[in-house]
Amino acid sequence: MTREEKSIAIENLTAQLAGTNIIYISDISGLNAETTSNLRRACFKAGIKLEVVKNTLLAKAMEASSNDYGDLPTVLAGNSAIFISDVANAPGKIIKDFRKKSDKPLLKGAYINSEVYIGDNQLDALATIKSKEELLGELIGLLQSPAQRIISALQNKFAGSEEEGAE
């Protein structure tokens with residue numbers, strides 16, 4: 001790779017990093033072609049971009065980014081692939097699902113909304129993070145609950161008074 005090609009690759013990675021707040025870094029080495037293809041297909045269906053990257057180029061892109069990746073560049077050793085997503089728990093769920101059949105991909109680390117997670121032991125926590133849509137749904141449910149109770153009580157009281165009038 002020439003210097004110019006490296007420079008272009010770093011610019012492209014920096015632009016990708018600037019466009020998202022959710023990045024997972026994993027090791028997908030050792031996966032056979034079929035499993036890798038299935039992983040890419042699952043990521044595509046979930047709206048996740050999966051890309052194998054050179055560690056040095058990703059480290060330089062992180063350094064050039066306006067985001068603070070903390071210690072995340074320290075996990076850049078060996079083979080690395082990045083998962084870029086709009087939904088915080090989607091890459092974690094896919095990685096966890098694939099781990100049911102094999103010991104890969106291994107989670108090296110993640111950057112989610114300015115928080116840095118390092119190590120494969122974070123996978124369970126990351127896979128269960130609630131998405132923005134899930135949190136909004138729960139909030140709406142909580143807000144509707146008192147109103148539904150009032151309506152139900154009024155309907156029961158109104159139905160009871162109708163029954164008294166029928167007698």
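Buried means under 20% relative accessible area, exposed means over 50%, and partly exposed lies in between (1.4 Å probe, protein chains only). This is a predicted model, where local features need pLDDT of at least 70, side-chain atom pairs count only at pLDDT 80 or more, and totals for chains, interfaces and linings use all residues. Residues are numbered from 1 along each chain as its sequence is written, and side-chain values use heavy atoms, with hydrogens and water left out. Helices (H or I, at least four residues) and strands (E, at least two) are DSSP runs, numbered from the N terminus.

**Helix α4**

- Helix α4 spans residues 90–98. Its buried residues are Ala90, Pro91, Gly92, Ile94, Ile95 and Phe98.
- These buried residues pack against two helices, α2 (33–45) and α5 (123–127). They also pack against strands β1 (22–27), β3 (80–84) and β4 (106–112). Contact here means heavy atoms within 4.5 Å.

**Helix α3**

- Helix α3 covers residues 55–64, and Asn55, Leu57, Leu58, Ala61 and Met62 are buried in it.
- Those buried residues line one face of the helix, because they fall within an arc of 165° seen down the axis of α3. The arc is that of the directions from the helix axis to the C-beta atoms.
- Thr56, Glu63 and Ala64 sit on the other side of α3 and are exposed.
- The cover over the buried residues of α3 includes helix α1 (3–18) and strands β1, β2 (49–53) and β3.

**Salt bridges**

- A salt bridge is a side-chain nitrogen of Lys or Arg within 4 Å of a carboxyl oxygen of Asp or Glu. The count by this rule is five salt bridges.
- One of them joins the side chains of Asp27 and Lys104, at 3.4 Å from N to O. Asp27 belongs to strand β1 and Lys104 to the loop between α4 and β4, so the pair ties together parts 77 residues apart in sequence. Both Asp27 and Lys104 are buried.
- Another joins Asp124 and Lys96, at 3.0 Å from N to O. Asp124 lies in helix α5 and Lys96 in helix α4, so this pair ties together parts 28 residues apart in sequence. Asp124 is partly exposed, at 46% relative accessible area. Lys96 is partly exposed too, at 34%.
- Arg99 and Asp120 also meet through their side chains, at 2.7 Å from N to O. Arg99 is in the loop between α4 and β4, while Asp120 is in the loop between β5 (115–118) and α5, 21 residues apart. Arg99 is partly exposed at 25%, and Asp120 is partly exposed at 25%.
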